[in-house]
Amino acid sequence: MMAWWKRIAAFFQGARLDRDLEDEIAAHLAMQEDEFRQRGMSAPQARAEARREFGGVAQAAEAYRQGRGLPWLETAVKDARYAWRGLARNPGFTVAAVLSLALGIGANTAIFSMYHALLMRTLPVSHPEQLVTLYRTGGWGRGFSSYPLYREVRGRTDLFSGTIGRTGIEKTSFRNGDSTPSETAQVEYVTGNYFAMLGVPPAIGRVFTDDDNRTPKAHPLAVLSYDFWQRRFGGASAVLGETVTSGTERVTVIGVAARGFRGVEVDRHPDFWEPAMMAGEDPANPSSFWLWIIGRRQPGVTISQARAAIEVLFQQRLAALYGSNPNSGFRKTAMAQHIEVREGGVGLSSLRESFATPLTILMVAVWLVLLAACANVANLLLARGAARQKEIAVRLSLGATRARLVRQSLTESLLLAAAGTAAGTLLAWWGERGILRFLPAASGNPFDAAPDGTVLAFTIAIAVLAVALFGLAPAWRSTAIDPAECIKSGGAQGGRRASTLRHILVVAQVAFSSMLVVLAALFGHSLAALRSVDLGFRNQNTIAFSLDMPDNWKADRTSSVRGDFLVRMESLPGVTMVSFGEPGPYQGGYSSISVRVPGSQLTAHEPSWVNTQRVAPQYFDIIGSRPVLGREFTVSDTSQSPKVAIVNESFLRMFVPGELHPLDRVLNFDEQKPDPVAIVGVVRDIPHQGLREKIEPTMYLPLTQSPASFGAVLLRSERPAGELAPAIRREAERLGPEVSASIPRTIRQRIDESIFQDRLVATVGGFFGGLALLLAAIGLYGVMAYSAARRAREIGIRIAMGAKRSTVLWMVLRGSLALVIGGLAIGVPVSLVAARKVAPVLFGIRAGDSLAFASTVSVLLAVGLAAALIPARRAASTEPMRVLRQE
Amino acid sequence: MSTGAAKSDILQGTLDLMVLRTLESMGPQHGFGLAKRIQQISEGALDLNQGTLYPALLRLEQRGWVRSEWGTSESNRKAKFYELTRAGRRQVERESKDWERTVAVMARFLRPAE
């Protein structure tokens with residue numbers, strides 16, 4: 001122990017201890033000399049004799065030094081210094097190698113850290129692996145369940161040792177004290193056992209119990225998150241017992257949750273929690289879906305067992321509730337619901353569903369980038385090894401062992417990898433920011449976490465793997481030379497096998513690059529197909545923002561407040577036209593209604609479901625979609641005037657056979673209360689639900705005849721959305737704290753957000769594809785230039801013998817093309833398999849998309865020609881006399 | 001890690017004990033004095049390269065059995081003096097006993113058969 005400590009200390013004081021040892025040995029020799037002289041020797045004789053007695057001074061000193069410090073570390077430092085000097089002498093090589101590695105390592109780190117945050121990191125709760133979430137599908141909405149269903153699941157203690165329910169995370173205005181300003185905070189309503197079941201203790205005060213969640217509106221309590229407590233209250237314990245304002249309620253703070261706990265969602269974090277009974281929802285209504293159920297599996301209960309049991313329970317409930325509903329359309333939809341039991345330990349994430357596939361694809365892509373980068377660096381190292389053959393031969397003949405040279409070469413690789421990792425980490429940070437810009441503004445951000453241990457370990461593992469990939473083979477190959485042969489032939493003796501290895505590496509590089517380029521081309525083509533979807537309207541610059549009023553307002557209050565607001569919008573400078581729609585273009589959400597169409601076979605026996613939208617006058621004018629038949633709504637369509645509707649072309653195709661003019665049709669919503677609705681117009685199909693969605697038969701109804709409490713305000717403006725935003729926010733604030741307005745953005749921005757996965761994969765894939773092409777070009781150029789230089793004499797002789805220069809040119813180009821074709825022969829079949837895997841996320845094209853594959857092949861062939869052009873021209877302009885004279 | 005640089009005819013552990021024992025009997029001493037003393041006591045029977053003494057001294061110092069200090073020699077030269085530590089004294093005692101036992105056992109083997 002102590003010996004090691006002294007060794008480490010000695011390692012850092014090497015120079016001083018060396019001097020000490022020198023002095024000590026000098027003193028020893030001097031004393032010995034003195035003694036010999038006293039015995040009568042002459043000075044030179046005494047000196048020689050003293051040295052003989054001592055033995056080898058240098059050997060003793062070396063043995064001493066070896067025993068003193070940490071020899072392996074000293075050699076490593078020496079190797080590192082040597083490698084550093086070598087790299088500094090070749091800045092071009094060093095920059096190319098470090099950049100290649102930075103790219104490969106950085107891309108992997110960036111994508112992996114997102115992948116890890118979204119798909120792998122578990123919640124900071126006790127035994128997250130036991131948690132499952134109950135995800136409702138079909139019917140109306142997704143995920144959330146009803147409170148009665150929660151009660152029933154909680155009773156199944158044979159499956160779950162604990163079951164909690166929670167709402168989504170909702171915005172609310174938050175104020176404490178009377179003087180402090182209010183802020184928008186995030187609240188989550190939870191059942192009383194939420195904290196206990198998750199195993200989250202209070203930091204101070206207490207957390208909810210079941211007694212805090214018994215009666216609707218009777219438990220005005222709040223538990224703060226640790227972060228919110230620190231930020232808003234400075235971590236003061238006086239917060240306990242304080243009464244704060246959440247929305248319109250006054251609630252009392254009873255505690256703060258443990259540090260690090262940020263709720264069960266990955267993308268969004270609540271600032272505080274309130275009991276579920278305070279959510280303003282009806283806990284007795286089995287058809288009101290507002291509670292997300294999370295269970296903790298009993299030991300020994302598997303997910304599939306839980307899934308089967310819960311599905312049986314849910315189907316029994318559905319049958320009891322809806323089995324005898326007279327409306328067959330409603331019954332069908334209601335009975336088609338299911339509950340999936342999913343892994344819950346990684347938390348809930350709305351982003352995960354839409355983002356997991358693109359991230360997984362990108363993980364594969366960055367692997368290919370790393371492989372291509374490693375192949376490139378290996379190639380550069382081999383070229384360098386070839387250039388240093390003479391030096392290596394000299395060192396081998398001077399007695400350096402091959403192991404020692406391999407070790408030195410690997411040290412150089414490690415140094416390159418370390419620099420690549422450092423640069424790559426920066427690149428990853430920058431790249432991640434770029435990727436985050438693609439995410440929709442409303443999706444929250446699960447990636448805020450500081451550098452994570454797992455990600456760090458991954459990066460280091462990647463770097464070490466890279467060294468193994470690109471460093472080992474060149475180190476081994478470059479030192480496999482016969483020094484005598486090499487020195488005799490003046491260094492020109494070519495490692496034939498090294499050259500073969502370089503060819504293999506280039507072929508591999510082309511193969512990796514072609515896979516990346518195929519992926520990029522597929523996603524690019526798919527995005528182009530999405531972009532060319534007929535939107536059915538022209539004015540993508542229309543500005544839209546949501547305006548939501550409380551559900552409990554009466555319809556006439558809602559419409560008068562909204563009417564006033566729209567008038568004020570019209571008077572804003574730069575605004576030329578205003579309208580309103582529910583839900584509005586690309587806002588998400590939809591409503592539907594069952595309808596009978598006279599004369600249609602489809603609705604002869606039972607009504608059909610169609611989507612509905614409620615719109616104000618000028619809606620179609622503002623988005624630039626003139627009705628193809630009839631008219632749009634006007635101010636004269638009031639609640640007193642005859643009921644009217646506009647339908648889209650899909651509706652027409654499905655329900656209205658050709659015998660009767662569409663505008664003469666009258667629709668029936670309900671047989672019980674005949675209330676005829678006349679079709680007054682037909683509009684183009686507009687993919688409101690998203691570009692990928694199938695267009696449903698849709699009916700537009702006037703707002704005046706079918707009130708809506710939420711929806712989107714549409715503006716046509718001469719000024720950009722950003723400039724209008726402050727004025728819009730001011731006007732919205734005048735409507736009071738219960739009304740909320742979103743940030744105004746153009747429909748184009750919303751469409752972009754709705755296809756963010758496609759844009760992200762296409763852009764990032766294209767970026768990587770381009771880089772891979774560049775790497776392949778560098779690799780090809782290196783190999784071709786090297787082999788042309790080695791064949792200079794042969795080419796000189798050929799030209800002297802009368803070979804045409806164009807023949808020589810083609811000879812070199814052909815060599816490069818052969819390598820590219822070799823790479824394509826591997827890359828294209830593998831890409832076909834990969835393309836099948838990603839086919840589900842492609843839009844409008846098949847996995848074997850001929851455009852993508854043909855463009856990949858031609859781009860790579862072009863790269864092959866371009867990379868070989870300079871070496872080929874140099875070879876073709878060889879002066880035979882000059883080359884032959886050099887020998 | 002150690003190379004075969006110390007080509008002495010004596011075992012490494014033996015040299016260590018010789019050094020420790022010499023320091024015990026002579027008190028603080030510099031390397032040259034130690035080398036001379038060891039040669040004297042062994043009456044030239046040992047072919048000792050004086051240089052090999054220094055790695056041995058280093059080893060002993062690393063283990064905490066001796067400590068060193070720069071001082072002035074009897075001939076008024078600057079020299080490094082080595083001195084036994086308390087742990088060194090205990091080590092001499094332990095090692096000496098081990099040696100005596102080994103020697104006794106070996107002696108029994110080497111006694112002419114009766």
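Predicted model: local features only at pLDDT ≥ 70, side-chain atom pairs only at ≥ 80, totals over all residues.
In which hand does H2(A) cross H4(A) as it passes?

**View 1. Helix H2 and helix H4 of chain A pack against each other.** The crossing by which H2(A) passes H4(A) is right-handed. Two packed helices are described by the angle between their axes and the distance between the axes. For helix H2 (residues 14-38) and helix H4 (residues 57-68) of chain A, that angle is about 140 degrees, and the axes are 11 Å apart. Since only angles over 145 degrees count as roughly antiparallel, H2(A) and H4(A) are therefore described as oblique to each other. On the side of H2(A), the residues that take part are A:Leu17, A:Leu21 and A:Ile25, and they meet A:Val57, A:Ala61, A:Tyr64 and A:Arg68 of H4(A). Sorted by class, the residues of this contact are six nonpolar and one charged, with no polar residue among them.

**View 2. Helix H25 and helix H26 of chain A form another packed pair.** Helix H25 (residues 805-838) and helix H26 (residues 850-876) of chain A have axes 8 Å apart, and the angle at which they pack is about 150 degrees. Here, too, the crossing is right-handed, with H25(A) passing H26(A). The contact of H25(A) with H26(A) is made up of 20 nonpolar residues, together with two polar and two charged ones.

**View 3. Strand S18 of chain A pairs with strands S15, S16 and S17 of chain A.** Strand S18 (residues 677-683) pairs with strand S15 (residues 629-630) over two bridges in the antiparallel sense, and within S18(A) it is A:Gly681 that stands opposite A:Gly630. With strand S16 (residues 644-648) of chain A, S18(A) runs parallel, and five bridges join the two; in S18(A), A:Ile679 stands opposite A:Ala645. Strand S17 (residues 666-667) of chain A is joined to S18(A) by two bridges, and these strands run antiparallel. The bridge partner that A:Val666 finds in S18(A) is A:Ala678.

**View 4. Chain B touches chain A.** On the two sides of this meeting, 24 residues of chain B are in contact with 25 residues of chain A. The elements of chain B that give two or more residues to its side are helix H2 (31-41), helix H3 (53-62) and strand S3 (78-84), and the largest share, five residues, comes from H3(B). When the residues on the side of chain B are divided by class, eight are nonpolar, 11 are polar and five are charged.

**View 5. Chain B is built from four helices and three strands.** Read from the N terminus on, the elements of chain B follow the order α-β-α-α-β-β-α. Chain B has 114 residues, of which 29% count as buried. Among the contacts in chain B with a separation of 6 or more, 51% are between residues 24 or more positions apart.

**View 6. B:Arg94 is found in helix H4 of chain B.** From B:Arg94 to B:Gly33 the separation is 61 residues in sequence, and in space it is 25 Å from C-alpha to C-alpha.

Conventions:
Residues numbered from 1 in each chain as written. Chains lettered and ligands numbered in written order. Contact = placed C-beta atoms within 7 Å. Nonpolar A, V, L, I, M, F, W, Y, C, P; charged D, E, K, R; others polar. Pairing = 2+ DSSP bridges. Axes fitted to C-alpha atoms, helices over the stretch in contact; angles between N-to-C directions. Parallel < 35°, antiparallel > 145°, perpendicular 65-115°, else oblique. Left-handed = near helix turned anticlockwise from the far one by under 90°. Buried ≥ 20, exposed ≤ 12 C-beta atoms within 10 Å, placed from the backbone.
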